[in-house]
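Please look through the sequence and the model below, and then follow the explanation from one place to the next.

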Amino acid sequence: MSTYRIQGATGEWEVVIGLEVHAQVSSQAKLFSGAATEFGAEPNTQVALIDAAMPGMLPVPNKECIRQAVRTGMAINAQINKYSRFDRKNYFYADLPQGYQISQLYHPIVGEGELVIEADEKAGIPEDKVIGIERIHVEQDAGKLMHDQHPTMSYVDLNRVGVALMEIVSRPDMTSPAEAGAYLSKLRTILRYVGSCDGNMDQGSMRADVNVSVRKPGEELGTRTETKNVNSVRFVMQAIEHEAMRQVDVLEAGGKIVQETRLFDPNTGSTRSMRSKEDAHDYRYFPDPDLLPLILEDDFLEDCRNSLPELPDAKKARYETELGLSAYNAQVLTADVDTARWFERLLAETAKASGKAPAEVSKQAANWLISELFGALNKLGTSLEESPVTPEKGGDLLALIAKGTISGSAAKQVLEIMLDTGDEAEAIVEREGLKQESDTGAIEAEIDKVLAANADKVEQYKGGKVALFGFFVGQTMKAMKGKGNPQVVNEILKAKLG
Amino acid sequence: MTDLTELGVAQIRDGVKAGDFTAVEVAEAFNANVAAAQEALNAFIVATPEKALEAAQATDAKRAKGEDLGKMGGVPIGMKDLFATFDVQTTAASHILEGFKPQYESTVSQNLWNAGAGMLGKLNLDQFAMGSSNETSYFGNVISPWRKQGSNAQLAPGGSSGGSSAAVAARLAPAATGTDTGGSIRQPAAFTGTTGIKPTYGRCSRWGVVAFASSLDQAGPMAKDTRDCAIMLEAMAGFDPKDATSLDLPVPNWEELLSADLSGKTVGIPREYRMDGMDAEIVALWDQGVAWLKDAGAKVIDISLPHTKYALPTYYIIAPAEASSNLARYDGVRYGLRDLPEGANLQDMYAATRAAGFGEEVKRRILIGTYVLSAGFYDAYYTQAQKVRTLISQDFQKAFEECDVILAPTTPTPAFALGENVDDPLSMYLNDVFSVPASLAGLPAMSVPAGLSKDGLPLGLQIIGKSFDEQGVLNAGLALEARAQFTAKPEKWW
């Protein structure tokens, strides 16, 4: 249980949170039209006749959008409804050409599911927690009004009209801003794994309506408010924090919470009232008579299931059990699908280049990626996606370490040069003379010289002064100008000193 | 030389093909009739003589080259102004769409052009197809070419396809498209002595047809006789991937398979359609129809459609509900009429535009539809109506276990005078009492002219068939037609 509480004048308050996430389905075309969905196009250039609601135009469902919603449902272990239906949500607004949004109120395509948010002590999440998901339905997005183009008129851009959205509705299972943030992040992770939404919150591909209420521990649920269209994890957490505090203040001052829709202001981190329940639209939902019920065949469901990738929880577990990674490393590497893909290519390349099994080089690869490459990229202010070191080049570098060709410290040097020049690891090692000596004969010869030159110390060592071992290593390395493979040096020295 | 405008679809098609006359001669003859009748009958909102000629020239050119002329080669038709026609004003007879020229062509009209038909013009109708008398058009009433014996009173051509029925009856077009939501093909056909069939829901694509009530709207042909309807329906129908409710079935060769021999067929007579106080003439005609079908070899049985009396109230919940939503798009933002009072905000613009753009009947139905879908009323009205609709469909399914087609009157009365029902929407709605059940069940249904009233006005008989069995309906229609020998036509006064 979350220990998050708001300290009010009258005691502690609990917060109850539910999220409705709108996620734009990744597809070439809109939910019911063939128009493109690309972000940032010139206004009104991605508009089919039906998007503009020309007379007599009809919607035809885009199978790809349906497929993505089903796959998403499967990824959260949800009930997939083989029978679902589209309803019209009627209201007038200039960004809604049809005068109704096609949505799914009565029979959504996806029913009950869940996801797990990971324990995070620092964030006040003491253990893994299951968050229930009530439903996912698909619906059309609306257009965009532009109020800054003309002194007295508003312009409308219909590019987004009809773009497919998944509305993912959680249970009110979250009890702290951190849990809500973790839920949203995890949901985003899953969507990106599945490939059903790109998760670009700054482009509006994902946005959340945040339902918040407060109560005294153990009491009935309080009246909730809904803060609309919050578009980042941080803002969601801020909105909850602010809204919960505001509700506590209102209640403690003897007031009542009004069920209402609120807006979040990212500049102040606060919420303000948009409209109350009394002003709420009567949406007059009814089944869209232009569309038949959506019946999903078993073959289609099978295809959806077979097309699902390994999902983050399963991947994390596999990294821990099969690859022997720490829970922390496994978590870091699986938190985003692109990182996981990068890591898996790196691992494959490293194994191939070094001739070893993946499990033998997995820890090395994970550690290098997390502590070396991430740090270096961070310093360069770039991302893994734009990294000048590809998984192939990284694998070559790691194989050089695994084979003992270079030392760990030399590898750091090589990486820096790779990031700088984009050159291959092997070429850099050659050029810079960073190759370490692993030839036992050569090392043995050097060691023999060192031992002969320090016969007195050998005597002392054999007499029990074992701390001198380091001295012999140091002398050998010095004689080899630092290029002796320390592991081989150690082994031979140990054998010789008995 | 014969008057080409007396000819029907089959005769024109065959005559053009045989070289008895050219398609251009046909088009010119009908263009002339259209122009001459416009002032008196007001059947067309826009005449497009150049389109008719263009298509005719193309047909004649094809014939010269020995090419296939298509199912409707050389046949000019009237197009109900509910079908979007490329760059030709399409209004649904509403002020709110006045001047609107679609940059697309409806599937049904395109199918007809592809089959070699040409367009004489866009036909008047009840505004947004809402009406039974063609008195709700923004572009004025259509006047029926028919008159009662000894009277010059203007009669209703029926509705909503009143321009279509008047044009065919008055020889302004050999055939016309109609649409039928609750009887809008069959009732005007009955009122004007013409033949019209509403096929199974989904046979004709709704893509590009201005929507009234999506779950009911269905296009169909209106023509002089059954064969012409069969030909034109073949040209209009077909699966359309752009309409999610379109039937993915091949189009049968209805014309080729026409047969007036009903041996082995059973005709059901629904007892619930025999209502108290029914017009004696209508009852007599119905009985006559029974005799004719028996004569054609059919067995006739009584059947029961127990939920018939709920059909009209059910229809007047579902159709307005869908309409209230379908018509939300006419908001003055993107096309059509915009009324923007000085200093108006968005809400003001909506209110002013829709107040000015929609007629009274359209507003009445939007209000009814909005009401029945409102929170707190939805279950009592809309949900209940959907349940009853299912029961009505089940009535038909049960009946069709015992019979192949159903025979009933098309309308409870002959054509009424313009203005007679205009202040009484309920009695106007009653006109649809026999036609609405088949619409709710999505069944094919047809009206065939079968006789004249004592005042000399046409009366129609209706055949209702099983889903997808347009052939059964057409064949029964043909059998009636062969015996009714309906040759009456309005005396030309215009």
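B:Phe468 counts as partly exposed because 16 C-beta neighbours lie inside 10 Å, where buried would take 20 or more other C-beta atoms within 10 Å and exposed 12 or fewer, with C-beta atoms placed from the backbone. This is a predicted model, in which local features need pLDDT of at least 70 and side-chain atom pairs count only at pLDDT 80 or more, while totals for chains, interfaces and linings use all residues. Residues are numbered from 1 along each chain as its sequence is written, and chains are lettered from A and ligands numbered from 1 in the order in which they are written.

B:Phe468 sits in the loop between β11 (458–465) and α15 (470–484) of chain B. Leaving aside residues up to four places away in sequence, B:Phe468 touches B:Thr200 and B:Leu249, contact being C-beta atoms, placed from the backbone, within 7 Å. B:Thr200 is 268 residues from B:Phe468 in sequence, yet the two are 5.7 Å apart in space, C-alpha to C-alpha.

In chain A, strand β6 (residues 113–117) has a covered face with A:Gly113, A:Leu115 and A:Ile117, whereas A:Glu114 and A:Val116 form the uncovered one. In a regular strand, side chains alternate between the two faces of the sheet. β6(A) pairs with strand β7 (residues 129–140) of chain A in the antiparallel sense over five bridges, pairing requiring at least two bridges found by DSSP, and A:Val116 stands opposite A:Val130 in β7(A).

Elsewhere in chain A, A:Phe469, A:Phe472, A:Val473, A:Thr476 and A:Met477 in α14(A) meet A:Val489, A:Asn490 and A:Leu493 in α15(A).

How values were computed: Contact = placed C-beta atoms within 7 Å. Helix = DSSP H or I, 4+ residues; strand = E, 2+ residues; numbered from the N terminus.
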